[in-house]
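I opened this notebook to record what I looked up in the structure shown below. The entries follow the order of my searches.

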Amino acid sequence: MSSNTWPLWEVFVRSARGLSHVHAGSLHAPDAEMAVRNARDLYTRRNEGISLWVVRSEDIITSDPDEKDSFFESPQGKDYRHATYYKASEGVKHL
Amino acid sequence: MAATTPQNAGLSAVPSYEQEQSQARFDALIEQDSRIEPRDWMPEAYRKTLTRQVSQHAHSEIIGMQPEANWITRAPSLKRKSILMAKVQDEAGHGLYLYSAAETLGTPRDELNDQLMSGRAKYSSIFNYPARSWADMGAIGWLVDGAAIANQVPLCRASYGPYGRAMVRICKEESFHQRQGFEILLALSRGTEAQRKMAQDAINRFYEPSLMMFGPPDEQSPNSAQSMAWKIKRFSNDELRQRFVGMIAEQVKVLGMTLPDPELRFDEETGRWIHKELNWDEFMAVIKGNGPMNSHRLERRREAHREGAWVREAAAAYARKYENSEVA
Amino acid sequence: MNHDELDATLDSFGDALASATRVTPGNALRPEDIAVDGVVPDEDLAQYALRLGDDALILAQRLSHWISRAPELEEDVALGNIALDVLGHARSFLTYAGLAWDKTEDDLAYWREEEEFTSLHIVEQPNGDFGVTITRQLIISIYQYLLYSKLAASADPTLAAIAAKAVKEVDYHRDHATQWTRRLGLGTEESAQRMRHALEILWPYVDEMFQDEALHERLGDRAVLPSSLREDWEQQITQVLTDAGLEVPQVGMAMARGRSGEHSEHLGYILAEMQVLARKHPGASW
């Protein structure tokens, strides 16, 4: 890639107060200031957002998909962490 | 997000144990109708097929801006001018969503763009026809976008996550594109004799190319079966074409216009639409680069790229010098 | 597949996705509202709205040419947004002006002759390279920002409402032009050279933007006196240029009288292109 290639950025949009920023897509921009502006132009043309984050794609650290099993196995089967596990108290008000 | 190429992909002729495991995991995800995500292992052929399809789709959006941009400055009312401008701008946006999706498969946009500008990459051949009259803005919206939407809605469920997500966004935004085209034709159909003639002429020119947008008949479409097995495609070319022709056969009545196809009828026995023989020789010739506008369309893209080089260089140079400057 | 089926297909996706792509039309003032709600302006007010509308219309016509030709696809989208905003301002101002003469925005855009257009020379200047367009944008967007900021307090409620909507959009245009001026001014030697050239060829049309007319005096607190904007404008643009390593060029000022219908050689071509189709079909609806 030539040094004149603009880097890739990931765009996150908050669509309304009270909601999290959600990944919307990516774009190219020469720097952070332009990236957030390009994100505005590209991802909020229809009032989709009230706040934007941009992050350089190369700065994102992800979990390794090859280790998916060992990484995410532990919570499987621990249904006692969920309220629905507790049947005996069903029907008791305000509980 | 930038994808890393799996180390073991396609290097050895004899699959290793790890490779077989990966393939089994991939097959299971497809079987469960789940989604493949960028960092998952995937067969090289799947990656290649998708990269080709998604980038072709992106190129089509970008080249597809040209015939309509041709009429922005001449739109006959300021309202139509606004709508057309918004639509052509959306197409740039859709091209960008799709290039983003293609990039997650490991090919940078620069390279995809080079493939387009050098003529190695394909794009929807319908954009190699000229947009001669204002009515073409209507016919393109109604027929070309209509065919594109019929193609795209099932792609929202494509097995590759980033492609499906891009398509959801695109389909939502495009729902206005087809309607605005239809309404252009509707206004013309209720207008003067000259306007009606203009509308019918545009429909005549775009009907057949729009039917060919679904690709060759199933028996001549060698890649379709694999794409369907991978759940990239959900319906065959002919199935989609059938649906589309059925829709427009009804819609054209609202316009009080006709489709240039005397053979068009619904066959009760087979439950299928019969339409005229499509001119696949012309289709192939246009794909090969011999359409009326191929040369011009590509040159226009190269020109924009060439003329913009100093701007891209300047912005990159500025970023290098002021890397750590504050964000406004 | 009809729209309901399409919606049903799309709705089958998760909430997280929907929340990132939720779209709404918004609830800002539209040109259509002005035709319905607007009080009919008097002749002076209509002439004033016509000037603002013509500036915006010709600028939008110029900017729209960039779509599909920008230096990068992201910039196609950015310039498209700006052109659309500016066209929206034109439509509002022209719709309002037209109420005085029982004319629509389209009557005014498509059926007036060149000498009836009141736009400034700066907006009809050719796009040139990207640097020329950015420089023209810098000049005009700072001007419009200052103008609409004051006009939002106009004694005429319709003009005030149009300006209040427009000023927020033009503020973004000003930022866009500022960002690019900085990058092109400080980027490479070539880009700096192109910006210096752009400033030299466009600066002669600055004077005209600040010329007062008897009309402005008569309108009083319903309009903004162009000369009152000059000091702030010069201060702002000098700051942007200085930050970009550029200078105000030392060039003479052109004799430009666009407000009285005396244009350069460019407007004829702009109108020929813009009006050709509408004029081929007199009385037609689109």
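Which side chain does Arg259(C) meet in a salt bridge? I found that the partner is Asp55(C), at 2.9 Å from N to O; a salt bridge here is a side-chain nitrogen of Lys or Arg within 4 Å of a carboxyl oxygen of Asp or Glu. I placed Arg259(C) in the loop between α13 (230-243) and α14 (266-280) of chain C, and Asp55(C) in helix α4 (residues 43-64) of chain C, so that the pair links parts of the chain 204 residues apart. For these elements, helices are DSSP runs of H or I of at least four residues and strands are runs of E of at least two, numbered from the N terminus. I noted that Arg259(C) and Asp55(C) are both buried, where buried means under 20% relative accessible area, exposed over 50%, and partly exposed in between (1.4 Å probe, protein chains only).

**Basis of the entries.** I worked from a predicted model, in which local features need pLDDT of at least 70 and side-chain atom pairs count only at pLDDT 80 or more, while totals for chains, interfaces and linings use all residues. Residues are numbered from 1 along each chain as its sequence is written, chains are lettered from A and ligands numbered from 1 in the order in which they are written, and side-chain values use heavy atoms, with hydrogens and water left out.

**Other salt bridges.** I searched the whole structure and found 43 salt bridges over all chains. One of them joins Lys87(B) to Glu68(B), with the closest N and O atoms 2.3 Å apart. Lys87(B) lies in helix α3 (residues 78-103) and Glu68(B) in helix α2 (residues 44-72) of chain B, 19 residues apart. Lys87(B) is buried at 0% relative accessibility, and Glu68(B) is buried at 1%. I also looked up Arg194(C), which forms a salt bridge with Asp129(C) at 2.8 Å between the closest N and O atoms. Arg194(C) counts as partly exposed, at 27% relative accessibility.

**Chain C against chain B.** How many residues does each chain bring to the contact? I recorded 59 from chain C and 61 from chain B, contact meaning heavy atoms within 4.5 Å. The area buried between them is about 5,500 Å², with 67% from carbon and sulfur atoms; buried area is the accessible area (1.4 Å probe) that two parts lose on being put together, summed over both. Two salt bridges cross between chain C and chain B. Glu74(C) and Arg109(B) meet in a salt bridge of 2.5 Å, N to O. On the side of chain C that touches chain B, helix α5 (residues 73-99) of chain C gives the largest share, eleven residues.

**Chain A against chain B.** I recorded 29 residues from chain A and 30 from chain B in this contact. The buried area is about 2,500 Å², of which carbon and sulfur atoms give 50%. I counted four salt bridges between chain A and chain B, and Arg46(A) meets Glu173(B) in a salt bridge at 3.3 Å, N to O.

**Cysteines.** I found zero disulfides over all chains, a disulfide being a pair of cysteine sulfur atoms within 2.5 Å. For Cys156(B), the nearest cysteine sulfur is that of Cys171(B), 3.5 Å away. Cys156(B) is buried at 1% relative accessibility, and Cys171(B) is buried with a relative accessible area of 1%.
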